[in-house]
Structure formats: structure tokens, C-alpha cells
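Morning, everyone. Let me put the structure up, and then we'll go through a few residues.

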Amino acid sequence: MSDFQKRHNISLYVENKPGVTIRIALVFARRGYNIESFVGSPAQDSRYSRINIEATGDSQTLHLMLEQLNRLVDVIHAREYSDEDVIQKELALIKVRCDNNSRTEILQISDAFKCRNVDISDTTMTFQVTGKSSKIDAVSKMLDKYGVLEVVRTGKLLIARGEEETSW
């Protein structure tokens with residue numbers, strides 16, 4: 001992926017009130033950034049929320065966009081974590097077609113990736129996969145030949161290591 005299309009992980013600490021999400025999304029849209037995933041959740045202090053965004057775009061525009069995000073009244077702090085040592089996880093549910101002949105092979109693949117079987121029927125199996133996005137991509141690719149019927153992903157979550165607080 002070229003620098004122009006590099007993926008960036010951005011964490012925001014924002015006020016927990018209506019309209020914040022749209023103001024943030026407009027900053028990305030105006031700068032031509034494509035949001036790949038967007039995850040928001042309440043922070044420990046219920047007056048605030050944490051938002052993790054994975055977006056694609058060039059690094060120079062990202063710098064300008066972070067300055068603009070940090071100027072929004074509702075944004076306490078916005079920061080990129082793409083090149084930093086942080087904990088990153090994603091969760092996905094993958095539903096795959098199976099029959100009596102393929103069921104054992106599918107279970108072996110899910111075991112190799114430490115997936116959790118969350119549903120089974122006569123014709124399908126659904127797995128919960130957690131880990132880095134690349135792990136979820138790999139599981140999905142391995143199951144493709146059996147017929148992946150549906151993949152639902154949470155989007156990337158990240159948290160700073162040690163005593164450092166995320167988004168500061």
C-alpha cells in the first residue's frame with residue numbers, strides 16, 4: 001500500500017453528546033479520507049466517549065486532519081497510533097457453509113486460529129474470531145473455499161500499553 005493509501009489508526013477522546021460523531025465524520029469526508037472502521041464506546045467518565053477509527057489516506061493530509069479534529073469543541077484529544085506499540089484487537093463473527101464431509105476440516109481450521117464456535121446447524125457453522133485484523137483476514141481466507149456466507153466485524157479497538165492513557 002502506497003503512502004497515499006496508508007491505513008491509519010486514530011483514537012479520539014470526545015464529549016459524550018449528540019452530534020459529535022457527525023462532526024468527526026465530516027472532517028474525514030472533507031479531507032477525502034475513507035473510514036474503514038469506526039468504533040465508539042463510553043469512557044470511564046460517562047461525560048466522555050472513546051472513538052477508534054481506522055481510515056485510509058495520505059500521511060500529510062492525516063496531519064492536517066488531526067489538527068482540525070483537535071480544534072473541534074467536542075474533541076478533547078485526537079491522536080494517531082499507527083506506528084506505535086499499542087494493543088489492537090478486533091472481533092468478527094464468520095458464518096461458513098458446511099456439510100458432513102467438510103465439518104471436520106472446518107473445525108480443524110477454527111482450532112488452529114483459536115476461534116470459538118458460537119453456532120452450528122445442519123448446513124452452517126458460525127465462529128467468533130478475535131485478534132489482529134490480519135488474523136481475521138487469514139481465517140476468512142482459509143474458510144473461503146467452504147463458502148463463507150457472512151462476516152460481521154466490530155472494527156479495530158486499540159488501547160495504549162502500560163500506564164499511558166489512550167488518546168493523550
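Start with Y13 and Y48. Both are buried. Keep in mind that this is a predicted model.

How far apart are the ring centres of Y13 and Y48, and at what angle are the planes? The centres are 5.2 Å apart and the planes sit at 25°. Stacked means under 30 degrees, so this pair is stacked. Now look at where the two residues come from. Y13 is in strand 1, residues 7-15. Y48 is in strand 3, residues 48-56. The pair therefore ties together parts that are 35 residues apart in sequence.

Next pair: F28 and Y33. These rings are edge-to-face. Centre to centre, they are 6.3 Å apart, with 70° between the planes. F28 is buried, and Y33 is buried too. The count of aromatic pairs comes to 2.

Now the backbone. Most residues other than glycine have a negative phi. K114 is not a glycine, yet its phi is positive, about 55°. Where is K114? Find the loop between helix 3, 103-112, and strand 6, 116-120. Is K114 buried or exposed? Its relative accessibility is 70%, so K114 counts as exposed.

Last stop, the surface. Which residues make the nonpolar patch? L93, V118 and V152 do, and the patch covers about 210 Å². Take V118 from that group. V118 belongs to strand 6. Its relative accessible area is 38%, so V118 is partly exposed.

That's my tour. Over to you.

Definitions and conventions:
Residues numbered from 1 in each chain as written. Predicted model: local features only at pLDDT ≥ 70, side-chain atom pairs only at ≥ 80, totals over all residues. Heavy atoms only, no water. Phe/Tyr/Trp six-rings, centres within 6.5 Å; stacked < 30°, edge-to-face > 60°. Helix = DSSP H or I, 4+ residues; strand = E, 2+ residues; numbered from the N terminus. Buried < 20%, exposed > 50% of the residue type's maximum accessible area, 1.4 Å probe, protein only. Patch = residues over 30% accessible without salt bridge, like charges linked within 9 Å, V, L, I, M, F, W, Y side chains within 5 Å. Areas by Shrake-Rupley, 256 points an atom, 1.4 Å probe, with all protein chains shown as cover. Salt bridge = Lys/Arg side-chain N within 4 Å of Asp/Glu carboxyl O.
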